[in-house]
Amino acid sequence: MNGVDSRLPRYFCDMHIHIGGTNSGKPVKITASRQMTLTRILEEASERKGMDVIGIIDAHAPEVQEELIGLLEKGAAEEHRDGGVQYKQTLLILGCEVEIKEPGRGEAHFLCYLPSVGDMWLFTDWLSRRCKNVHLSSQRIGATLRELQERVAEGGGVLVPAHIFTPHKGLYGSCTDSLAEVADPSLIPAVELGLSANTDMADRLTELHDKTFLTNSDAHSLAKIGREYQAIAMGERSFREWKRALRREAGRGVAVNYGLHPQLGKYHQTACQSCQSTLPADAVGRCPQCGFKRVVRGVFDRIEQLADCPPGVHPPFRPPYVEQVPLEFIPGVGPRLRDRLYRAFGTEMNILHRVGREELAGVVGERIADLIVQAREGRLNVKAGGAGTYGRIVTAGKA
């Protein structure tokens, strides 16, 4: 048992979703789809993905706040008395991703969540005096991590290190060997694993044994919402209850992590960014296969380097990690077939968790139904990704 109260409702939560652009067409997250406006994300999460709670981590942007206020004024959304904004079937928790570069260290990203629209507005004002362009996502700010922690705590918020093991701006991937070197661990109740790591890998570091693990999508397009998520036991959907769940108070907590098979992640193995050759863990300099100068250290190898605990050791509260394969990753399930599934069964959460094989086969045929069930049961074969390229599902007859 992981200490979660079985009597509490469980909610599907994806807490790392990017805004690509505003209603006026201005960019927010440069690398995200311009279709990722606030309203479109809320519609996708509620009506197609079936997410009960989402975190939009570009809610600091002034034009995003204007769009949200517009929804509130029209009555399309409503602020919850205990934090968060309710839109149809989904609660929105307001977040902001910022970049910190400590002296002599690499950059790292952190997710800052705040209870209300007013709290986020005040945080935007604080950010605007410490970054170049408060209208954009993931800006580097002129503050230390401890200063950021203090500001978020003062606002009643929560700070969560993002995609902690990835070589591209992850806490362990590019900044530090130990959380305590750069932060106050007592003010960090949870960490985000990232797409290339799972619970078994992360618990190799004993300093993470008291942290809640989050598995989030880091979605840059509508289709990517919910590629990783978690089921969280809470009394209701609100910021206050979610914060209590991260701290595992009174039976609240993550009941199940639904994460990608780590080998599907873009940075699982050490590889050459050009030719994608798999390389030894200690590879440095130019790729021995093609001569390209960019070798990217994989998450698996970085964890092996830091590990101080043998595999299979977990704290008693650690929930199951279910290796999830989103519909988008399943061979043969393109946009048209996904639309057919949505029309038949409602949301992706229904398709991945609730609909029986025979019902699926009646809509998409035996082969695709079998692949969805195999994905549900963790029986698909995976070719590992690395150096910024996703892994992929390998079916019979394909390598």
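In this predicted model, Lys88 is placed in the loop that connects strand S4 (85-87) with strand S5 (90-101). Although Lys88 is not a glycine, its phi is positive, at about 50 degrees, and the residue is partly exposed, with a relative accessible area of 44%. Lys169 lies in the loop between strand S7 (158-161) and helix H5 (171-175), and with a relative accessible area of 22% it is partly exposed, since the range for buried residues ends under 20%.

The chain as a whole contains twelve helices and 16 strands. Of its 399 residues, 58% are buried, and its accessible surface comes to about 16200 Å², of which carbon and sulfur atoms contribute 48%. Among the contacts with a separation of 6 or more, 69% are made by residues 24 or more positions apart.

Strand S10 (residues 229-233) is largely enclosed by the rest of the structure, because five of its five residues are buried. The burial concerns both faces of S10, with Tyr229, Ala231 and Ala233 on one side and Gln230 and Ile232 on the other. Strand S1 (residues 10-17) runs antiparallel to S10 and is joined to it by four bridges; within this pairing, Phe12 stands opposite Ala231.

A pair of aromatic rings is described by the distance of the centres and the angle of the planes. Seven aromatic pairs are counted in the structure, and one of them is formed by Phe12 and Tyr229, whose ring centres are 5.6 Å apart and whose planes stand at 90 degrees, so that the arrangement is edge-to-face. This pair links distant parts of the chain, given that Phe12 in strand S1 and Tyr229 in strand S10 are 217 residues apart. Both Phe12 and Tyr229 are buried, and together with Tyr258 they form one aromatic cluster. Another aromatic pair, that of Phe239 and Trp242, is tilted, with 5.9 Å from centre to centre and 55 degrees between the planes. Phe239 and Trp242 both belong to helix H7 (residues 239-246), in which they are three residues apart, or about one turn of the helix. An α-helix has 3.6 residues a turn, so residues three or four places apart point the same way. Phe239 and Trp242 are both buried.

In helix H11 (residues 357-364), the residues Leu360, Ala361 and Val364 are buried. They lie on the same side of H11, because the arc that they cover around the axis is only 100 degrees. The face of H11 turned away from this buried side carries Glu358 and Gly362, which are exposed. The cover over the buried residues of H11 includes helix H9 (335-345), helix H10 (348-353) and helix H12 (366-376). After H11 comes Gly365, which has a positive phi, near 95 degrees.

The cysteines were considered last. A disulfide is a covalent bond between the sulfur atoms of two cysteines. The structure holds zero disulfides. For Cys96, the closest cysteine sulfur is that of Cys112, at 5.7 Å, which is too far for a bond, as a disulfide requires sulfur atoms within 2.5 Å. Cys131 is in no disulfide either, since the nearest cysteine sulfur, belonging to Cys96, is 8.3 Å away. Both Cys96 and Cys131 fall into the buried range, Cys96 with a relative accessible area of 1% and Cys131 with a relative accessibility of 15%.

Note on methods. Residues numbered from 1 in each chain as written. Predicted model: local features only at pLDDT ≥ 70, side-chain atom pairs only at ≥ 80, totals over all residues. Heavy atoms only, no water. Helix = DSSP H or I, 4+ residues; strand = E, 2+ residues; numbered from the N terminus. Buried < 20%, exposed > 50% of the residue type's maximum accessible area, 1.4 Å probe, protein only. Arc of directions from axis to C-beta. Contact = heavy atoms within 4.5 Å. Pairing = 2+ DSSP bridges. Areas by Shrake-Rupley, 256 points an atom, 1.4 Å probe, with all protein chains shown as cover. Phe/Tyr/Trp six-rings, centres within 6.5 Å; stacked < 30°, edge-to-face > 60°.
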